[in-house]
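Biologist: I am new to this one. Can you walk me through it?

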Amino acid sequence: MKHRKLSQDPHKVRDGVERNLEEAIGREVRAIRRQRGMNVSDLANAADLSVGMLSKIENGNISPSLTTLQGLANALNVPLSTLFLRFEDTREAVLTTSGNGVEIERAGTRAGHQYNLLGHLSANTSGVVVEPYLITLTEESDVFPTFQHDGIEMLYMLEGEVDYRHGDRLYRLKPGDTLFFDADAPHGPEVLVDLPIKFLSIISYRQSR
């Protein structure tokens, strides 16, 4: 199997947080602009700013208005919150100990589908919401191959065996198997082959602005 190189380096560390908000915003704007391969003139035109004004923002010399920041975020195609990443603040982490996931009812949940939410970050700087679930199916569980929602979903089989439908294809999933898919297509368990069935479901979708 050919290895594919990932564009993001998981070991990369940011230059550090900034205690001055204007400098933090300026450094982030400059860094993203360079990542996008844009020069100062390109970004200034896209954000409807003068080159001089953008230079002052990137150098932390002025405090830009919210309207200006929104224009920069749109021109760089990032959430507004991204521009504040280098400013010193708190990053959330959630620990869910074994057996203590919160049992919830998701919209569209069928009988016998037990969902345990393994963690949740309310607001974050990534622009993405991630919902990790431990799902258990038993003899009482309905089969329901027409879940459909926004985002990307990944299943990782832990126990049992199931025929899982995605669109017009059926996948036999056994412990250790992974299914990664566009969740906008109809999907869900169609045949419960070997019970009980347990799998991780990780759903990610764009965070509402």
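Modeller: Buried means under 20% relative accessible area, exposed over 50%, and partly exposed in between, with a 1.4 Å probe and protein chains only. Buried residues make up 34% of the 209 residues in the chain. This is a predicted model, where local features need pLDDT of at least 70, side-chain atom pairs count only at pLDDT 80 or more, and totals for chains, interfaces and linings use all residues. Residues are numbered from 1 along each chain as its sequence is written, and side-chain values use heavy atoms, without hydrogens and water.

Biologist: How many helices and strands are there in the chain?

Modeller: The chain has 4 helices and 7 strands (DSSP runs: helices are H or I of at least four residues, strands are E of at least two, numbered from the N terminus). Along the sequence the pattern reads α-α-α-α-β-β-β-β-β-β-β.

Biologist: Which residues form a nonpolar patch on the surface?

Modeller: Val-128, Val-130 and Ile-202, with about 190 Å² of accessible area together. Areas come from the Shrake-Rupley method with a 1.4 Å probe, and for residues only the protein chains shown count as cover. Such a patch joins nonpolar side chains (Val, Leu, Ile, Met, Phe, Trp, Tyr) within 5 Å, from residues with over 30% relative accessible area and no salt bridge (a side-chain nitrogen of Lys or Arg within 4 Å of a carboxyl oxygen of Asp or Glu).

Terms used: Patch = residues over 30% accessible without salt bridge, like charges linked within 9 Å, V, L, I, M, F, W, Y side chains within 5 Å.
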